[in-house]
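Here is a short briefing to read alongside the model on your screen. Take it one topic at a time, and keep the viewer open as you go.

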Amino acid sequence: MSRYDVYGLGNALVDMEYRVEPGDLEAMGIEKGVMTLVDVDHQSELMVYLDRHHVHRSAGGSAANTVIAVAQFGGRGFYTCKVAADELGDLYADDLRANGVETNAREASEDGHTGRCLVFVTPDADRTMATYLGITGGLGQGELVPEALEASRFLYMEGYLTTSESALDAAIHARGLARRAGVGTALSLSDPGIVDNFRGQLLDIIGDGLDLVFANADEAMGLAESDRLDDAVSWMKGVAREFVITRGAEGALVWDGQSLTRVDAEPVTPLDTVGAGDMFAGAFLYGRTRGWSKPRRARLASAAAARLITSYGARLPAEETRAIRDRLAAA
């Protein structure tokens, strides 16, 4: 029996979320709606500009949000990352464990700066990010915990790993370990900008095919190098045994290796779309590892993501995720 449902591999970033206006993004010189990598000096300048804005801090990073969601639904998760021996590194490790996720974070800490992601939420519920990777840019094979990976049902990787040569190498090595151990392999494409700028590296992680890929429509079309969603669907069938393409208010497309299912989105008024894709993946993986049918796990993912975007932040309280789970389990 597997000890963990999901073994996550990704960047350790303390999310620092701000509510801003589009004019603020223009004043800071930040492109709206995408993730931009910045150095520590640039990010410090941004934080000075944002000094009077409310900020909420929590353990973040795409894959971390997903593994936390799995744990909140009642699953078991392990997260491999790299933090520094600083105040934010302690905050990060403590937050993971408080949410039921085991991690190597404390063991892997060393001198430096823990990564930070400034998340800007505009009134249209869009999210824009300015990320300083800090020490997580050095994430590599040395941070992997093979015994935990091999004791898991799924390895889950984020597309952001492509921005670092050592992290990309770790992802490719982890995929090989998972394959040899009979562990499922899953990848989130993470961001349209990642697909545009690191497509070759994403294909290196995919290799000769993965078990499960998560993408939104723009990411899927970018990876397929087409502006047609139908082309992206056909292309994805060649690289993933299963995949999910989320489409915002239009729902999602789910391919299980045999048939394509359209899943409706729950109608809500969004306040903040930060973490919606991560929550969708976490709920879907929870249902997948629990043997739920494709329609039921897709409905769970859709319901959880819909609830998430009606509030601020990249996660829900654990009691809310489990209430959604219980409602769908009884349906």
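Are Y4 and F78 buried or exposed? Y4 is buried, and F78 is buried too; here buried means under 20% relative accessible area, exposed means over 50%, and partly exposed lies in between, using a 1.4 Å probe and protein chains only. Please keep in mind that this is a predicted model, in which local features need pLDDT of at least 70 and side-chain atom pairs count only at pLDDT 80 or more, while totals for chains, interfaces and linings use all residues. Residues are numbered from 1 along each chain as its sequence is written, and side-chain values use heavy atoms, leaving out hydrogens and water.

**The chain as a whole**

- The protein chain has twelve helices and 14 strands; these are DSSP runs numbered from the N terminus, with helices being H or I of at least four residues and strands being E of at least two.
- With a radius of gyration of 18 Å, close to the 20 Å that the globule rule gives for 331 residues, the protein chain is as compact as a globular protein of that length. The radius is taken over C-alpha atoms, and the rule is 2.2 Å times the number of residues to the power 0.38.
- The C-alpha trace spans about 50 × 40 × 40 Å along its principal axes.
- Buried residues make up 58% of the 331 in the protein chain.
- Among contacts with a separation of 6 or more, 77% come from residues 24 or more positions apart; contact means heavy atoms within 4.5 Å.

**A five-stranded sheet**

- Five strands make an open sheet with mixed pairing, in the order β3-β8-β7-β2-β4; two strands pair if DSSP finds at least two bridges between them.
- At the edges are β3 (35-37) and β4 (56-60), each of which pairs on one side only.
- From one strand to the next, the twist averages 25°. Axes are lines fitted to C-alpha atoms, for helices over the stretch in contact, and angles run from 0 to 180 degrees between N-to-C directions.
- Three bridges link β3 with β8 (residues 127-132) in the parallel sense, and L37 has T131 in β8 as its bridge partner.
- Helix α2 (residues 40-49) packs on this sheet and touches β2 (13-19), β7 (115-121) and β8. The direction of α2 makes about 40° with that of β7.

**Aromatic pairs**

- The whole structure holds nine aromatic pairs. Rings of Phe, Tyr and Trp (its six-membered ring) pair if their centres lie within 6.5 Å; planes under 30 degrees apart count as stacked, over 60 as edge-to-face and the rest as tilted.
- Y4 and F78 pair edge-to-face, at 5.5 Å centre to centre and 65° between the planes.
- Since Y4 lies in β1 (residues 4-9) and F78 in β5 (residues 77-80), this pair ties together parts that are 74 residues apart in sequence.
- F280 and F284 are stacked, because their ring centres are 6.5 Å apart and their planes are at 10°.
- Both F280 and F284 lie in helix α10 (residues 276-289), four residues apart, which is about one turn of the helix; both are buried.
- One aromatic cluster is formed by Y156, F214, F280 and F284.

**A hairpin and positive phi angles**

- Strands β13 (residues 252-255) and β14 (residues 260-263) run antiparallel and are joined by four bridges, with V254 opposite T261.
- Their hairpin has four residues between the strands, and G257 there takes a positive phi near 100°.
- Most residues other than glycine have a negative phi.
- S190, not a glycine, has a positive phi of about 80°. S190 sits in the loop between β10 (184-188) and α7 (192-206) and counts as buried at 10% relative accessibility.
- E225, also not a glycine, has a positive phi of about 55°. E225 is in the loop between α8 (217-224) and α9 (229-236) and counts as exposed at 62% relative accessibility.

**Around R327**

- R327 belongs to helix α12 (residues 318-330) and is partly exposed, with a relative accessible area of 48%.
- Leaving aside neighbours within four places in sequence, R327 is in contact with E266 and A303.
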